[in-house]
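Dear colleague,

Please find the structure below, handed over for your study. The notes that follow it set out what was found, and I would ask you to read them with the model open.

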Amino acid sequence: MRFFPFTAIVEQGRLKQALLLNAVNPAVGGVLVVGPAGTGKSTAVRGLAELLPEIDVVADCPFSCSPSDPCPVCSAREGELPVARRRRRIVDLPLNATEDRVAGTVDIARALREGERALEPGLLAEANRGILYVDEINLLDDHLTDILLDAAALGVNVVEREGISVSHPARFLLVGTMNEEEGELRPQIADRIGLRVEVDAVVEPEARGEIVRRREAFTVDGEGFAASWADGQAELADEVAAAERLLASVTVPALRHRIEDLDQLVPLLLGRLAPRRPVRCTPDAMRALLGYVWPGNVAQLQMVLREALARRPAGDLRSEDLPADCFTSCQRVLMPMEALERDAIIAALHRAGGNRLKAAADLGIARSSLYRKIHSYGIGELHLPPPEV
Ligand SMILES: Nc1ncnc2c1ncn2[C@@H]1O[C@H](COP(=O)(O)OP(=O)(O)O)[C@@H](O)[C@H]1O
Ligand SMILES: [Mg+2]
Ligand SMILES: [Zn+2]
């Protein structure tokens, strides 16, 4: 089946941008697209498939695991693993799917003999390292939602039948579309998705006319229509792939190296965290924030502000509303050499996707000394990258 070309979608720039950002960098964490019916939401998501960057996979692995980091089943195989290169996938999760279809099933007798290989893979297996798309995600039943959230939280899908449990990697980006008029979304799902975009219907008559013309052309001759957009599609796919390669060289300086940004960051974050409440930091709270070293960067700043907002439900935030951390443990001023070492460790952890063993090898130090340094520099969860997709 052919999908409507992504580049032929009229307007809806923010929707397209949100999807492309995820294609380039899965760490963005997925997209929730909210808007009325018929605004091109599903069309855009399905169209993204043609533009996703390519990955190396073990050719016949049901989980599309990476040859350089094979899944347990592939690790146990003998001989060389067959490698293939293909686009990341978009897997559709239909609302009426059964639990078995989503999570997979276990052949009990085989499981007793062969362990993980007894798994009959489901959609979560197919979605590993790709995108899982749930259209009308607000209408997904609670049971499937729980399966989805468990897998999303762990990066692993665990299938349990009659006391036997098998698991497989299930790291996927969640993309959902919904129309708010049809029902609310459970907040647990919204929390799991990195970006939310609101789309509105295109109203401008000329643009509407163009939508109808393109739709008509696509229906009459899908192949011909796709061919006429092929150049633009290929160009955009190349751009996505190039952006993905460039991403590795993008660095954001540590917050403490641009502490003056707090003047703008704090109001921005407060506006986001408490949209209905005009709130600022008093000068003494601001001074405390400026004096802190922010080992956890903006994510930590956001947590600190969220905590302070909860402590003071009305009025401006004062220094006593800030968590004690801001004044104690991490306030320890690091010597310049220590600071360099600390940054190098955080960078290595990022490169290793949070894997400490790999990070230690990368830094050329023993794992035990890495652990010690992580502890003494107060490097915590906050510094670890989100799971690799
Ligand atoms: N901006 C747009 N550009 C091109 N086609 C559009 C656009 N908006 C809607 N359409 C067309 O309208 C129809 C419904 O779009 P769809 O993606 O299913 O909407 P939604 O998922 O938002 O309900 C599709 O045939 C699609 O091609
Ligand atoms: Mg739709
Ligand atoms: Zn595998």
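Predicted model: local features only at pLDDT ≥ 70, side-chain atom pairs only at ≥ 80, totals over all residues.

**Findings**

S64 counts as buried, because 23 C-beta neighbours lie inside 10 Å of it, and 20 or more are needed for that class. S64 is placed in the loop between β2 (54-58) and α3 (72-75). Although S64 is not a glycine, its phi is positive, at about 50 degrees. Most residues other than glycine have a negative phi.

A second residue of this kind is R129. Its phi is near 70 degrees, again a positive value in a residue other than glycine. R129 belongs to the loop between α6 (123-127) and β7 (131-135). R129 has 21 C-beta neighbours inside 10 Å and therefore counts as buried.

A further positive phi, near 45 degrees, is taken by E162 in the hairpin of β8 and β9, where two residues stand between the strands. Strands β8 (residues 156-161) and β9 (residues 164-169) run antiparallel and are joined by six bridges.

As for the protein in general, it has 16 helices and 11 strands. Its C-alpha atoms fill a box of roughly 65 × 65 × 40 Å, taken along the principal axes. Of the 389 residues, 30% are buried. Among contacts between residues at least 6 apart in sequence, 73% join residues at least 24 apart.

The domain assignment gives domain 1 (6-53 + 88-245), domain 2 (255-331) and domain 3 (336-383). Between the C-alpha centres of domain 1 and domain 2 the distance is 35 Å.

Which residues touch the most other members of the largest nonpolar core? They are L19, L48, L124, I131, L132 and Y133, in a core of 54 residues. Helix α1 (residues 13-24) supplies the largest share of this core, namely six residues. Apart from this core lies another, of 15 residues, which includes A288, W294, L301 and A308. In soluble globular proteins, nonpolar side chains tend to be buried together.

Y133 deserves a separate look. Leaving aside its neighbours within four places in sequence, Y133 is in contact with V45, I90, V91, D92, L93 and V175.

Ligand 1 has 17 residues around it, of which V10, G40, K41, S42 and T43 come nearest. The elements that give two or more residues to this shell are α2 (41-48) and α9 (205-220). Sorted by class, the shell around ligand 1 holds six nonpolar, seven polar and four charged residues.

Finally, please consider V279, which is found in the loop between α11 (262-273) and α12 (283-291). Is V279 buried or partly exposed? It counts as partly exposed, because it has 19 C-beta neighbours inside 10 Å, whereas a buried residue needs 20 or more. Once its neighbours within four places in sequence are left aside, V279 is in contact with L270, A274, D316 and L317. V279 and D100 are 179 residues apart in sequence, and their C-alpha atoms are 49 Å apart in space.

With kind regards

Note on methods: Residues numbered from 1 in each chain as written. Chains lettered and ligands numbered in written order. Core = buried A, V, L, I, M, F, W, Y, C linked by C-beta atoms within 7 Å. Buried ≥ 20, exposed ≤ 12 C-beta atoms within 10 Å, placed from the backbone. Helix = DSSP H or I, 4+ residues; strand = E, 2+ residues; numbered from the N terminus. Contact = placed C-beta atoms within 7 Å. Domains from an automatic or database assignment. Near = placed C-beta within 6 Å. Nonpolar A, V, L, I, M, F, W, Y, C, P; charged D, E, K, R; others polar. Pairing = 2+ DSSP bridges.
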